[in-house]
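Take a look at the model below.

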Amino acid sequence: MKTSIRIGTRGSKLALWQANHVADRLKAAGLEPEIVIITTKGDIVLDRSLDKIGSKGVFTEELEEGLRTGHIDVAVHSAKDVQSSIPDDLELLAFMEREKVNDVVLSFDADLDLNRPDLVLGTSSTRRRAMLRRFLPHATAADVRGNLQTRLRKLEEGHYHGLVLAYAGVHRMEYDGLIRHVLPETQYVPATGQGSVAVECARNLEPALKAELHRLLDHPATHVCLRAERAYLRTMEGGCSIPSFALATLSPDGHTVQLHAGLISLDGAQFLEETRTAPAAAAAQLGTKIAESILGRGGREILEDIRSGK
Ligand SMILES: NCc1[nH]cc(CCC(=O)O)c1CC(=O)O
């Protein structure tokens, strides 16, 4: 088995944190990781919101090409940014242990009151925008793109009172001191995969190496949860551009997976959600079942409205 591993990653600070997280694990096991930075379309196109760039996998395509050519051995992504179906010649070899899943509100105002009538919150996600319309209808959601550092700068410049972000990224960038509110995950249900790091490789990577990387990096409990959430998203046929949400949890004995998932209309008026449990071995079927149910209960019409730009 070869021991030098080329780890492909985007160049943002969060992406590099994730890649270093992987590299540290591999180093501790006696492997020799090397980090290779690859720029993706999502890093270049910053003047349009993500749902308007159009193609799925805006943060992953160039990395996947690197896996195919052998330029890199593994690609590291935020699990949330990985498309629900990946190409046949590639595979997700590990989902790393999940960080706390909540969304949080950051502000330079230590006393930021979410009930102030003129509240403006920065967010780039359709899911968060729709949830804000539902749970904080007086608030204005301002679109914000760019990496976390850019968003923080815009917050500092006063473009909005607060910024809604995933706790995971905030914590990894050590911005915890700016967290003013932790949004409850029962209302602001996170996006599929939020808080976990995904490791992808070519299907034909050396089998012994693949097995070793899986053993060193995969967190089985997180993997089961992501299997349920990703099956849900796959059946929803959505990328990061639809306001769907999914959060799975595994019982302490590891036998039962619970999935809370759904879809919210852009205006926040319709909030379709469902929670069910299944044996851990049936995690994927659970995701598919909930998605089919949500689609049948009006989800199909919500997606149609979004696609036709209503
Ligand atoms: N879509 C961008 C993205 N991808 C992963 C994270 C945060 C960290 C994570 O959930 O892994 C973020 C930023 C955010 O949503 O605040």
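A residue counts as near a molecule if its C-beta atom, placed from the backbone, lies within 6 Å of it. By that rule, the residues around the ligand are S78, K80, D81, L165, A166, A168, G169, Q194 and G195. Two elements give two or more residues each to this shell: β8 (162-166) and α7 (167-172). Helices (H or I, at least four residues) and strands (E, at least two) are DSSP runs, numbered from the N terminus. Domain 1 (1-96 + 197-218) and domain 2 (103-182) each supply at least three residues of the shell. Those bounds come from an automatic or database domain assignment.

This is a predicted model: local features need pLDDT of at least 70, side-chain atom pairs count only at pLDDT 80 or more, and totals for chains, interfaces and linings use all residues. Residues are numbered from 1 along each chain as its sequence is written.

Now turn to α6 (residues 148-156). R151, L152 and L155 are buried there (20 or more other C-beta atoms within 10 Å of the residue's own; exposed means 12 or fewer, with C-beta atoms placed from the backbone). These residues sit on the same side of α6, because they cover an arc of only 100° around the axis, taken from the directions from the helix axis to the C-beta atoms. The face turned away carries the exposed residues Q149, R153 and E156. After α6 comes G158, with a positive phi near 85°.

Finally, the whole chain. It has 10 helices and 13 strands. Its C-alpha trace spans about 60 × 45 × 40 Å along the principal axes. Buried residues make up 44% of the 310 residues.
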